[in-house]
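Here is a short report for a reader new to this structure. Look over the sequence and the model, then read on.

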Amino acid sequence: VTFTVDELAARVGGEVSGDGALRVAGVAPLEDAGPDELSFFANKKYRKDFERSRAGVVVVEPGVEAPPGRTVLRVVNAYLAFAKISTLFHPARAARPGVHPAAVIHPGAKIHPTAEVMPLATVAAGAVVGARAILFPGVHVAEDARVGEDSVLYENVVVRERCVVGRRVILQAGCVVGGDGFGFAFDLEGAGEGPRHYKVPQSGIVVIEDDVEIGANSCVDRATLGTTRIGRGSKIDNLVQIGHNVELGPLCIVVSQVGIAGSARLGTGVVVGGQAGIVGHLDVGDGVRIAAKSGVMTDVAAGETVSGSPSMPHSQWLRNQGAFARVADLRREIRQLRRDMDELAAALRDGKRS
Amino acid sequence: VTFTVDELAARVGGEVSGDGALRVAGVAPLEDAGPDELSFFANKKYRKDFERSRAGVVVVEPGVEAPPGRTVLRVVNAYLAFAKISTLFHPARAARPGVHPAAVIHPGAKIHPTAEVMPLATVAAGAVVGARAILFPGVHVAEDARVGEDSVLYENVVVRERCVVGRRVILQAGCVVGGDGFGFAFDLEGAGEGPRHYKVPQSGIVVIEDDVEIGANSCVDRATLGTTRIGRGSKIDNLVQIGHNVELGPLCIVVSQVGIAGSARLGTGVVVGGQAGIVGHLDVGDGVRIAAKSGVMTDVAAGETVSGSPSMPHSQWLRNQGAFARVADLRREIRQLRRDMDELAAALRDGKRS
Amino acid sequence: VTFTVDELAARVGGEVSGDGALRVAGVAPLEDAGPDELSFFANKKYRKDFERSRAGVVVVEPGVEAPPGRTVLRVVNAYLAFAKISTLFHPARAARPGVHPAAVIHPGAKIHPTAEVMPLATVAAGAVVGARAILFPGVHVAEDARVGEDSVLYENVVVRERCVVGRRVILQAGCVVGGDGFGFAFDLEGAGEGPRHYKVPQSGIVVIEDDVEIGANSCVDRATLGTTRIGRGSKIDNLVQIGHNVELGPLCIVVSQVGIAGSARLGTGVVVGGQAGIVGHLDVGDGVRIAAKSGVMTDVAAGETVSGSPSMPHSQWLRNQGAFARVADLRREIRQLRRDMDELAAALRDGKRS
């Protein structure tokens, strides 16, 4: 498939400067793209790559200056336009309907005839797999779990019993939905054999709403009672931990290695930076932004940006960081002040005496 | 199954205020529970939910004031009592004896006739699976490994060669027991091809003692030599890393995303908060509590509570945090002091001169 | 197999003090080793174990004083020598050529006849598995992916479509190579249904060069476009996240739970301590050392050692830590200065007045 630059511009609502008739055969990074490929330039850090690029056309935003002779496609959101164009060349893999003979489907499971089930996937009794869903090898859908239409479960994804995966959901390889939450009650007496941690039954479920994506080897624990919920359109990166009874609002972005402890509630469109942690039973309001590596230990009001561990408003964190980086200097200044003070005091005593 | 409130109280050693004859049909969170369900109230944050709840009966602790007309079951440890009652309604799934025809069992493996092996699990030569154990789909028990009685290995759990899993152990989905430890010796000369990291054979094993639970996608590395040991009754959350030759004492609690580096030794009942890290070759004493996100870089004596990275006694950390949050203010105060000092000094000079 | 101490010394270029004719039957830790076993002593912390050890011979470095009567093998790099000797007793498991009947191999896949494919592994159309490679149960090699000669993929490893795994690579259980990178463009208008995060196609690949090892449940994301690259001989621990388009140089060491965000470039021989995080689009030079738990948010020049979050040169971090641990004391000193200053000022006023 090829498209002219003009055709692509029309699809993404952009404007062409240069050769609109050029046929584009693919997309590529600035440094690799050839004369029949489209690339994009959005991060100033790569300005030199932009200037040197052999790309036939580059997607840029309105303010960007282009080198002479360079064909550009100008559009308000260059990254989004690039993504849409890239999708033309790399459409999502469609389901190839059918169940591979080496898959293991319980007679009490329901697989939609348009779904694809690859070898060595299992679907247990009472489970339902929707239209055009794809289960890769090693996927295990447990008893009474549901996988919605057009969802893709990559290799070795696990959906535990009774959990619900919505439509157009993507679960990357090794993601575990519905593992037991981490709940133990300390039992000082045990069953006559000394203290123990008594396991609290984790009898709730997980609901993954439509259009969610969850990364490789991430874990979303089932609720103790009730539901752990991942809101519509939220995107979760790899190796993220979502505790039992967490409620994540719609359209959140949760970057890799974040941990969200049990019963925390996050609003709409919350962005959580990599390796941040959120303590349990907190409320994090709509639109909150949490910096990477933050440790959030108190509620955060809607719209706030927080950083640090324990986290604080980002502006305060910046001020403190500035000071912190000079704490050693502060010590020196204090010592100097002390010396000056002692001299002054001595001088004053001398002055009085004289 | 239903139980009267009086029956439940008798089982957990509690006292009923209100309608002891009420029949309870299940457990539910405060906000969802109906008039034939039991809930519990232990976290003050949910006081309003407690007051509004339609639950037939609520488990509370002695000091808690109940709204008029509310039936409560008072007991010293409400969470433990709730957990025990919940278990009555949600007993652990029992093994359904037998090996599924789509499991792959080496003729040299021994599976107890009361164990359940689900489809697409493998048990290799010399491995032993004990009575009433359950292996979910995709579980792999490698050569000469052992899984004890009544243990449950969820989907895609891996137990590598020669490792030992005790009795009543629960391994959540994707947990890896006995992967190679991370050990390399820098070899400046390599094998005539320049420097390399020479792999140190990881020929030891992992022993998981009885009553341990390990979370989804957590990893416990096999020892370089000897044994990595997880002590009896310890509970480990998801995505935790336990390095080679670590010795974790009994009854520890290790929250999600913690990392414990090689050869660290933790005593009895240590609690490690989420995302904390413990450097290798350290000793952490009995009953130590490590705050979330701490970085423990030195030995910790029994009974201490530590926080921060690098970690320090919690009381010191609190003092420092208080001061830290005001570091920017400290800078301002120091500048003001300097100005005042300079004025004073000038005044003193003037005084002397006059 | 046994070796005399003299034979072992010859193989590792060491010198024997004591009984060079002693036959060694294995290796063991200092506290477990018996009179026919070799151990090693490199960490001073274990001096007492060294002195008490019943080991027949202990590998030590030149400066180390040995107790009288103790046979030692002296060599410049004791750990490396120990590793090489341990390999004699614990050679890597060789492939047992053949494909198990319960593996699922697409007719369009190419498996070298000397490779070993265990039960319940899958190899998809167009994929290639090289000579003497070993695929453990549950490994999935997707379409057009390649696994090089002598590589070992442990249980449940996933190599996604078109990714390339080099020679002598070791992927520990549950490792995911080539999952989709985390790339979304915010689309305010969506497809007429309100805002959404539009998925950017992740159409690139991952290349794992020769002699790399990657730990259990670690994730290396495929590139958005182009290649995510893990350089020759680099070693990556468990639960590590490598984002899309990262370029990791050769001979790096990346400890457990590290996260490296998209498009970061690390040079040769970089060492990244556990739980550290590296922001995307950064350059980290050759030989850089990053302390555990650091948050690297700016480029790091070759040869530097950095610590802290945000990270800074290690020497500066140490100074600040020293001061930081005394921040509370600084506050007290400042208050005392203020009091002294006010007294002085009062005294001066009095002096003038008098």
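How many salt bridges does the rule find across the interface of chain A and chain B? The rule finds five. A salt bridge is a side-chain nitrogen of Lys or Arg within 4 Å of a carboxyl oxygen of Asp or Glu.

## Ground rules

This is a predicted model, in which local features need pLDDT of at least 70 and side-chain atom pairs count only at pLDDT 80 or more, while totals for chains, interfaces and linings use all residues. Residues are numbered from 1 along each chain as its sequence is written, chains are lettered from A and ligands numbered from 1 in the order in which they are written, and side-chain values use heavy atoms, with hydrogens and water left out.

## Chain A against chain B

Here 76 residues of chain A are in contact with 66 residues of chain B. Contact means heavy atoms within 4.5 Å. The area buried between the two chains is about 5400 Å². Carbon and sulfur atoms give 64% of that area. Buried area is the accessible area (1.4 Å probe) that two parts lose on being put together, summed over both. Three residues, A:Phe182, A:His197 and A:Leu225, supply 13% of the area that chain A buries against chain B, more than any other three.

One salt bridge joins the side chains of B:Lys84 and A:Asp187 (3.8 Å, N to O). On the side of chain A that touches chain B, α5(A) gives the most, with twelve residues. Helices (H or I, at least four residues) and strands (E, at least two) are DSSP runs, numbered from the N terminus.

## Chain C against chain A

At this interface, 77 residues of chain C are in contact with 66 residues of chain A. The buried area is about 5500 Å², with 64% from carbon and sulfur atoms. C:Phe182, C:His197 and C:Leu225 supply 13% of the area that chain C buries against chain A, more than any other three residues.

The rule finds five salt bridges here. In one salt bridge, the side chains of C:Asp299 and A:Lys45 meet (3.4 Å, N to O). Polar contacts link 25 residue pairs. On the side of chain C that touches chain A, α5(C) gives the most, with twelve residues.

## A buried asparagine

C:Asn217 lies in the loop between β25 (213-214) and β26 of chain C. Is C:Asn217 buried or exposed? C:Asn217 is buried, with a relative accessible area of 2%. Buried means under 20% relative accessible area, exposed over 50%, partly exposed in between (1.4 Å probe, protein chains only).

The side chain of C:Asn217 reaches the backbone oxygen of B:Gly174 at 3.2 Å. Beyond residues up to four places away in sequence, C:Asn217 touches residues including A:Asn217, B:Asn217 and C:Leu239.

## The cores

The largest nonpolar core has 198 residues. Such a core is a set of buried Ala, Val, Leu, Ile, Met, Phe, Trp, Tyr and Cys residues joined through side-chain atoms within 4.5 Å. Among those with the most contacts inside it are A:Leu171 and A:Ile278. A second, separate core has 34 residues, including B:Ile334 and C:Leu348.

Technical notes
A polar contact is a pair of N or O atoms within 3.5 Å; within protein, one must be able to donate a hydrogen and the other to accept it, and residues adjacent in sequence count only if both atoms are side-chain atoms.
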